Amino acid sequence: MKKFTATLAIFMLAFTLSFLVACGGNGGGGNEVTPPPTVDNGGAQDPVVTPPDGDQPPQIGLQIGAGAGVHEVRDFGGRTLTIGAWWADPIGPWLFGPAPTPDTLNYSIVRAMWDNARRVEQEFNVNFAQVTVTHEEFLPTLASSVLAGDPFADVVYLEGWMMLEAMGSIVQSMNVNLPASDMLGAQRFSGPTTQDEIGNIWAVNPHSVIDNAFVLAVNLDIINAEGLPNPVELYEAGQWTWDAMLQIMRGATRDTDGDGVVDQFGIAGQPGDIVQHLIGANDGIMVDAYFNYGFTHPNTVRALEFVEQIFQEQLWHSEEGGVMNTANWDRNFYAGNREARAALFPTRTWGIDNAPPAFEFAVVPFPMGPDNTSGNTWLYGMRQGISVPVGTPWAVEDIVVILDELFSWPGEHPELLFAAGSIDWMRETFLTEDDVQRAVRAGLTAASDVGRDMQPYYWILGMFASAFFNMEMDVMQAIEYFRGPHQEMLDRRFRP
């Protein structure tokens, strides 16, 4: 496989500043299905779009679905563009489903998308199909089909770690000479998601924010019962710090029934997630700009010292008998939701959606560390995006034209992208509008690090947690112990 040696410049947010202001105000491992994200509108009311009478397209300034578009019409001869993902309808059910009915949630918006998709089919004489492959088999199946000269789809969704493996050999750069392109030009509706330092575009997305940001869920039942400071109030007052988080975790950790065994904890969750996002919240790194082991960075060291406190003090919700099994992902990730014995736990929108807590809860971003100057509150790799496989019979230029057309449904009203996102899904998942806005805001504060996209490099996060929990090593001992083998991983991946 071709080595990818350019420094990655990951664009976690494709909107221009002017568009964010206009709106008032966006990934990862796991096999979650990510609905289209949304933009934080700063607490303002959503754009109001009144459903039209009958079964007619909405009138919003211009007739979306009849007047939208970026390119001059061209005839693709009835060819089929196939879209591949590990879930159905990745671009949206409006691309394949029947016309929405007036009782559909956000009918006007969905109808605008649906009408625009039909416009693209008719004006450009193109058909659409989709192929679904399981998450576990997606990249191997794609690679095999590309090597056989017959990729199973013409455009595919890839997670960050998939992208890192696929660049150049499995997917091709999307740079084409299209001065009229929206996603490669004006970027009103969409834009590059993953781009390297020499300008190669490897993935694109419709404009969005990350609605699946990692946040800290707060078990308000425990907070209230123990009389602890409320993280929500601390966050809104600008007092949400690592010291405050540590105070809450210590205050919540105790034996509640007097049997001599601690049965309530300060924090639950997958240990590696806790390590990862505290590093991000202190502007730490996993890999430096020259693809070297980054855990000696002073901000990372400071974050690991905080992590060491959490795990050595046994503030984390372990399994029965005080055991940490970092491989037990399902139990660890959902322990805060399901077992309800921890004041805090890292989660994402889909994590709450999959296992709704039976207690009152709220969500806040991770508190920023003492060395933070960026405002970041969590860390991730490359954002999931749309890529073009090597060997597709479609020219990249033609694919870009079609995607431009599909994503241009708002016409002269790009502010409607807010209402078109997954804000309703988030509102169905979280308990209050303030929770939704804090979760959306967290999506704007993601640090990116190529180390998070490298398996097994990022497994070191769980190794740190385990070493501290079992009191096997202190921070500097652990950093040095893991340095050699993990630098070798980087050398094998990024150096000839």
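Let's start with Arg79, whose charged end sits over the ring of Trp394, 4.0 Å from the ring centre. By "over a ring" I mean that NZ of Lys or CZ of Arg is within 6 Å of the ring centre and within 35 degrees of the ring normal.

A quick word on what you have on screen. This is a predicted model, where local features need pLDDT of at least 70 and side-chain atom pairs count only at pLDDT 80 or more, while totals for chains, interfaces and linings use all residues. Residues are numbered from 1 along each chain as its sequence is written, and side-chain values use heavy atoms, with hydrogens and water left out.

Now please find Arg493, which lies over the face of Phe494, at 5.5 Å from the ring centre. Arg493 also forms a salt bridge with Glu165, their closest N and O atoms being 3.7 Å apart. A salt bridge here is a side-chain nitrogen of Lys or Arg within 4 Å of a carboxyl oxygen of Asp or Glu. Arg493 belongs to helix α18 (residues 475-494) and Glu165 to helix α4 (residues 160-166), so this pair ties together parts that are 328 residues apart in sequence. Helices are DSSP runs (H or I, at least four residues), as are strands (E, at least two), numbered from the N terminus.

Is Arg493 buried or exposed? It counts as buried, at 10% relative accessibility, whereas Glu165 is partly exposed at 27%. Buried means under 20% relative accessible area, exposed over 50%, and partly exposed in between, using a 1.4 Å probe and protein chains only.

How many salt bridges are there by this rule? The count comes to 20. Another of them joins Asp435 and Arg438, with the closest N and O atoms 2.5 Å apart. Both sit in helix α16 (residues 433-443), 3 residues apart, about one turn of the helix, and both are buried. There is also a network of salt bridges linking Glu320, Arg331, Glu339 and Arg341.

On to the aromatic rings. Rings of Phe, Tyr and Trp (its six-membered ring) pair if their centres lie within 6.5 Å; planes under 30 degrees apart are stacked, over 60 edge-to-face, and the rest tilted. That gives 24 aromatic pairs. One of them, Phe464 with Phe468, is stacked: 6.2 Å centre to centre, 20° between the planes. Both lie in helix α17 (residues 460-469). Phe464 is buried at 0% relative accessible area, and Phe468 is buried at 0% as well.

Finally, ring pairs link Phe464 and Phe468 into a cluster with Tyr293, Phe295, Tyr457, Tyr481 and Phe482.
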